[in-house]
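Please prepare a short report on the fold of this protein chain.

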Amino acid sequence: MSKILDAVSWAEQIARDDSHGYSQINRWGPDYDCSSLVIAALERSGIPARSCGAGNTWTMPPVLQNLGFANVIGKVSVSSGSGLIRGDILWSERHTAFYCGAGKIVHASIDEDGTIIGKKPGDQTGREICIRSYYNKPWTAVYRLSDQEGTTEKMITVQLPMLKRGSTGECVRTAQILLNANKFDCGAVDSEFGPKTEAAVKNFQEVNGHDEIDGIIGQNTWNDLLK
């Protein structure tokens, strides 16, 4: 199974499991909102959308394009769904979903009160995260992986951002998670590249035999962290 098809299958599994609901507050599992569901599904399947800086709908387009996705909205009909294939990512500034095929989409829709908070964990209504009939949001982009059968060369060579002391944001958070997971203690996962994170990076570089022990996460350090 290709990575994008694996991502859709995982999102469908989440939708069928009522222990997962909608929340924009606790949105990276077990609850999700629309963008974190799609981004987490891609990341879990080996397409590093979150690692490359996608954290919400607004940041998805440039990351997806860098990872080998093309906007094929001119080749499909978003009004009827004609031309869509399983694995297409439906996108607008305020919502995103996967197209499942057979006239269905999977998405994180709304919380139990019809809002975005998600007061209780899990799906209280059976519709917070769901598989449903296709509809047009309207979608303003449809992102399709250029090679639906496997990893594209562009995905293999994608350049992750260089991080160093003073850097902030979603990629720093990802690096901190990976460092802690590899037993290189960087302290709190706070998305801020401070002295403790820098020390953890230097330790990681030394243990992994890097030529430069500089505390900067460049491509070589990213490659080892993501192994």
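## Overall build

Among contacts in the protein chain between residues at least 6 apart in sequence, what percentage join residues at least 24 apart? The share is 59%, where contact means heavy atoms within 4.5 Å.

This is a predicted model, in which local features need pLDDT of at least 70 and side-chain atom pairs count only at pLDDT 80 or more, while totals for chains, interfaces and linings use all residues. Residues are numbered from 1 along each chain as its sequence is written, and side-chain values use heavy atoms, with hydrogens and water left out.

The protein chain has seven helices and six strands, in the order α-α-α-β-β-β-β-β-β-α-α-α-α from the N terminus. Helices (H or I, at least four residues) and strands (E, at least two) are DSSP runs, numbered from the N terminus. For 227 residues, a compact globule would have a radius of gyration near 17 Å, and the 18 Å of the protein chain agrees with this; the radius is taken over C-alpha atoms, and the globule rule is 2.2 Å times the number of residues to the power 0.38. Buried residues account for 51% of the 227. Here buried means under 20% relative accessible area, exposed over 50%, and partly exposed in between (1.4 Å probe, protein chains only).

## The sheet and its helices

Six strands form an open sheet in the order S1-S6-S2-S3-S4-S5, with antiparallel pairing; two strands pair if DSSP finds at least two bridges between them. Strands S1 (69-71) and S5 (129-133) are at the edges with a single partner strand each, so one side of each has no neighbour in the sheet. Neighbouring strands are turned by 30° against each other on average, direction ignored. Five bridges join S4 (residues 104-108) to S5, and Val106 has Ile131 of S5 as its bridge partner.

Helix H1 (residues 3-16) packs on the sheet and touches S1, S3 (95-101), S4, S5 and S6 (141-145), its direction making about 105° with that of S3. Helix H2 (residues 34-44) lies across S1, S2 (89-92), S3, S4 and S5, at about 55° to S3. Axes are lines fitted to C-alpha atoms, for helices over the stretch in contact, and angles run from 0 to 180 degrees between N-to-C directions.

## Core and a buried glutamate

The largest nonpolar core has 50 residues, of which Leu42, Phe69, Ile89, Phe98 and Trp222 touch the most other members. Its largest share, seven residues, comes from H1. A second, separate core of 11 residues includes Val78, Leu84, Leu90 and Trp139. Such a core is a set of buried Ala, Val, Leu, Ile, Met, Phe, Trp, Tyr and Cys residues joined through side-chain atoms within 4.5 Å.

Glu12 is found in helix H1 and is buried, at 9% relative accessible area. Leaving aside neighbours within four places in sequence, Glu12 is in contact with Arg86, Cys100, Val106 and Ile131.

Most residues other than glycine have a negative phi, and most peptide bonds are trans. The bond from Gly29 to Pro30 is cis, with omega near 5°, and Pro30 is in the loop between H1 and H2. Another cis bond joins Lys137 and Pro138, with omega about 20°; Pro138 lies in the loop between S5 and S6.

Ala102, in the loop between S3 and S4, has a positive phi near 55° and is exposed at 78% relative accessibility. Lys183 has a positive phi of about 70° and is exposed, with a relative accessible area of 73%.
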